[in-house]
Amino acid sequence: MKPAAGISRRSALQAGGLALAFTWFGAGKAFAAISPRQQPGDAAAALADGNPAFAPNAFVRIDADGGVRLVMPMAEMGQAIYTGSAMLLAEELGVELDQVRVEHSPPNEALYGMPLLGGQITGGSTSTRGTYGVLREAGAVARTLLVSAAAEQWKVDPESCTVARGVVSHAASNRQLGFGALASAAAKLPMPEKVTLKEPKDFKLIGQPLRRVDSAGKVNGSTQFGIDVRLPGMKVATVRACPTLGGVLASVDDKAARAIPGVIDVLRIKDAVAVVGEHFWAAKRGLDALTIQWTPGQNAALTTLQLRAALANALAKDKAILGKETGKRPEGTLVQATYDLPMLAHATMEPLNTTVHVRPDQCEIWVGTQVPTRCVSAAAKIAGVAEDKVVLHNQYLGGGFGRRLETDSVEQAVAFAKQVPYPLKVVWTREEDIRHDIVRPMYHDDISAVVDSDGHILWFGDRIAGGTVLGRWAPAFMGKDGMDSDLIECVAEPCYDLPNLKVEWVRHDMPSGLNVGWWRGVGPTHNLFVMESFIDELAHRAKKDPVAYRRAMLKKNPRTLAVLDLAAGKIGWGQGALAARVGRGVAVGDAFGSRVCAIVEAEVTPQGEVRMRRAVVAVDCGIAVNAGSIEAQIQGGLLFGLSAALFSEITLREGAIEQSNFHDYRMLRINEAPPVEVHTVKSGEAPGGLGEVGTAIAAPALANAIFAATGVRLRALPVNRALLAQDKEALKKKIADSGFSGSNGLDARSAA
């Protein structure tokens with residue numbers, strides 16, 4: 001990466017903002033572009049923040065006492081973005097990390113809209129990528145003005161001044177002034193045309209494994225998440241929506257509920273009912289006492305098998321949209337396989353909740369959300385007030401994973417709260433959360449390759465069937481011919497040097513009422529499982545080592561080759577024999593602007609249970625902002641992905657989601673989690689995303705390890721333990737009984 005010295009506002013926006021606005025969705029209009037310089041609306045935002053003495057842009061607040069505040073455009077949901085962003089600002093401002101207080105930003109698309117996503121959105125592993133230059137320049141602008149204010153007062157050259165720990169010093173005259181003493185004077189100076197950012201070699205904070213700024217509050221319990229909100233006069237409600245997706249409420253008998261001490265009211269909307277109580281327990285008891293009749297609607301008989309069969313049928317018969325084609329399919333040996341991925345829930349640790357107070361002329365909301373401005377728009381329509389009459393207080397998120405990119409729970413809470421005069425906290429139970437999640441779509445892939453006699457890939461093809469999240473959530477960003485670029489991302493732009501490629505998508509949306517949404521890892525969780533599993537199949541067919549097979553196709557991609565070599569070296573790939581039914585699986589990928597390789601070592605018991613013994617991950621995420629956060633992000637993301645691969649699937653029966661809590665939507669337990677080593681490639685490239693690469697690479701590494709241990713090729717998730725049992729006759733019977741070709745498939749050669 002070139003030194004960032006001498007960046008102007010225009011060049012920063014062009015290089016780090018708007019130019020990247022087209023990368024995530026492939027193409028489309030950039031709706032927002034946050035700026036490190038003053039923008040219309042800054043003054044009002046600063047006034048709302050307590051009218052600080054110095055507010056040179058939307059992000060920096062310096063109070064009269066010298067206190068430094070960072071107004072955060074992104075939501076904190078465990079990914080440590082509050083720490084990483086504060087480091088960027090502090091590095092250039094001239095303060096230490098412990099001097100920065102981080103605050104949630106208000107909903108304001110113009111001031112806090114993420115250029116990479118076209119709105120005030122936290123997601124897609126874009127936060128650091130989208131603000132790396134912006135927040136550094138915001139700090140540099142503030143530092144330049146504070147130094148200029150000091151230099152004017154001292155009648156010295158600003159270049160002769162230095163800044164450290166919020167104090168401007170002039171060594172020649174031995175004078176010093178703190179930020180607080182300079183703030184008012186700095187606020188009166190004109191904006192500098194250019195500011196100089198540090199060379200990477202001069203970084204004092206960036207690159208260090210610093211402690212998180214939000215750890216203490218989360219440990220001592222002082223951090224307020226959405227579910228912790230308490231307001232004077234507030235009541236608590238819990239809800240039950242129609243269990244059949246898309247169904248509506250027919251009738252409610254609430255006599256028994258109203259007789260329960262603490263129950264205040266029973267509220268109704270079109271598709272759900274809420275019981276209001278003095279506290280959650282009263283509301284929950286009241287809800288359980290209701291007698292409810294539902295009208296199930298058009299999904300009354302819907303099952304998962306029907307959805308899968310419809311996907312397969314669509315893939316076989318419907319017209320596809322061409323995502324990418326380079327070259328024609330040559331002569332050679334055609335290898336084909338079919339892969340299936342299930343619907344998935346988010347299951348955040350903090351169940352969905354929203355607190356709302358609707359008054360005649362205002363709607364006030366307290367919620368942890370990844371999309372504050374979207375929530376404001378949705379709430380205004382339901383509350384019947386103008387958007388500028390909606391006040392939203394964003395809270396810490398107890399996990400997001402894409403679930404809080406949706407506004408459905410906020411809309412529901414407003415619809416209930418507008419029926420009462422008091423503040424109402426609406427809490428979904430875990431069961432309600434899972435049964436009414438907006439799930440990750442299911443996918444069905446026919447993947448194929450033409451190989452030569454030595455196993456080299458001459459042509460690679462992937463024909464995908466599935467619904468589109470982008471088409472529902474942000475249809476304006478759909479690409480040419482209606483293509484969903486997220487859905488094909490890692491296979492249309494593979495990390496490998498493939499001479500000929502064809503990627504197609506058959507759009508097959510789920511029935512009305514079954515909405516699909518973003519899930520941690522988004523498109524790459526689908527693409528990388530299919531592609532890296534199939535690459536492993538091709539390596540096995542060619543009788544080549546899986547690492548060597550990949551290495552040969554990465555000669556033109558040195559960054560990805562480097563992470564492959566690093567991970568292979570750290571785990572000791574090829575060194576020494578493994579025990580029976582123990583195997584190592586490798587997967588690599590380029591996603592979210594980062595390069596990643598994961599190698600999982602797994603043992604499969606004769607009964608088919610999978611024990612993960614070890615995992616090694618190598619990542620090149622460009623400039624490493626906080627080494628400690630990188631390790632935590634990769635570990636957390638990998639375990640999240642392994643958990644889903646081993647246990648998770650959302651299924652439908654009679655139009656309703658069958659799973660309800662962690663007993664039937666399993667998570668990896670502490671004793672089941674493998675040690676995860678994380679190794680980082682030192683890089684000067686632009687920062688890449690970290691929150692999701694670990695998740696996306698987990699499943700193929702695990703599936704390939706299971707194949708290495710057992711010879712069973714899993715072409716569907718979650719892992720089917722029955723297929724891994726040592727009894728081959730039982731295995732064959734399970735395949736015959738599965739009733740769906742391709743689902744939980746078995747490598748025919750190894751089954752023989």
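Helix α15 (residues 485-492) and helix α16 (residues 522-541) have axes that come within 7 Å and cross at roughly 40°. That makes α15 oblique to α16. Oblique is what remains once angles under 35 degrees count as roughly parallel, over 145 as roughly antiparallel and 65 to 115 as roughly perpendicular. Axes here are lines fitted to C-alpha atoms, for helices over the stretch in contact, and angles run from 0 to 180 degrees between N-to-C directions. Helices (H or I, at least four residues) and strands (E, at least two) are DSSP runs, numbered from the N terminus.

This is a predicted model, in which local features need pLDDT of at least 70, side-chain atom pairs count only at pLDDT 80 or more, and totals for chains, interfaces and linings use all residues. Residues are numbered from 1 along each chain as its sequence is written, and side-chain values use heavy atoms, with hydrogens and water left out.

The crossing of α15 and α16 is right-handed. A crossing counts as right-handed if the near helix is turned clockwise from the far one by less than a right angle, and as left-handed if anticlockwise. From α15, the contact takes Asp486, Leu487, Ile488, Glu489, Cys490 and Val491. They meet Val522, Gly523, Pro524, His526, Asn527, Leu528 and Met531 in α16. Contact means heavy atoms within 4.5 Å. By class, the contact of α15 with α16 has eight nonpolar, three polar and two charged residues. Ala, Val, Leu, Ile, Met, Phe, Trp, Tyr, Cys and Pro count as nonpolar, Asp, Glu, Lys and Arg as charged, and the others, Gly among them, as polar.

The axes of helix α19 (residues 627-647) and helix α20 (residues 693-710) come within 7 Å and cross at roughly 45°. α19 is therefore oblique to α20. The crossing of α19 past α20 is right-handed. On the α19 side stand Ile634, Gly637, Leu638, Phe640, Gly641, Leu642, Ala645 and Leu646. Their partners in α20 are Val693, Gly694, Thr695, Ile697, Ala698, Ala699 and Leu702. This contact of α19 with α20 has eleven nonpolar, four polar and no charged residues.

Now step back to the whole chain. It is divided into domain 1 (42-211), domain 2 (226-295 + 352-427) and domain 3 (443-729). These bounds come from an automatic or database domain assignment. The centres of domain 2 and domain 3, taken over C-alpha atoms, are separated by 37 Å. Eleven residues from domain 2 and 15 residues from domain 3 make the contact.

Next come the sheets. Three strands form an open sheet in the order β2-β3-β4, with mixed pairing. Two strands pair if DSSP finds at least two bridges between them. β2 (60-62) and β4 (100-104) stand at the edges with a single partner strand each, so one side of each is left without a neighbour in the sheet. The twist averages 30° from one strand to the next. Strand β3 (residues 68-72) runs parallel to β4, joined by five bridges. Methionine 72 stands opposite histidine 104 in β4. Helix α3 lies across β2, β3 and β4, at about 130° to β3.

Helix α3 (residues 81-93) also meets α5: their axes come within 7 Å and cross at roughly 35°. α3 passes α5 in a right-handed crossing. Residues of α3 in the contact include Ile81, Leu88 and Leu93. Those of α5 include Tyr132, Arg136 and Leu146. The contact of α3 with α5 divides into ten nonpolar, five polar and three charged residues.

The other open sheet has three strands in the order β5-β6-β7, with antiparallel pairing. β5 (161-164) and β7 (175-178) stand at the edges, each with a single partner strand, so one side of each lacks a neighbour in the sheet. Here the twist averages 25° from one strand to the next. Helix α5 (residues 127-154) packs on this sheet and touches β5, β6 and β7. Its direction makes about 45° with that of β6. Four bridges join strand β6 (residues 167-170) to β7, and the two run antiparallel. Serine 169 has glutamine 176 in β7 as its bridge partner. The hairpin of β6 and β7 has four residues between the strands, and asparagine 174 takes a positive phi near 55° there.
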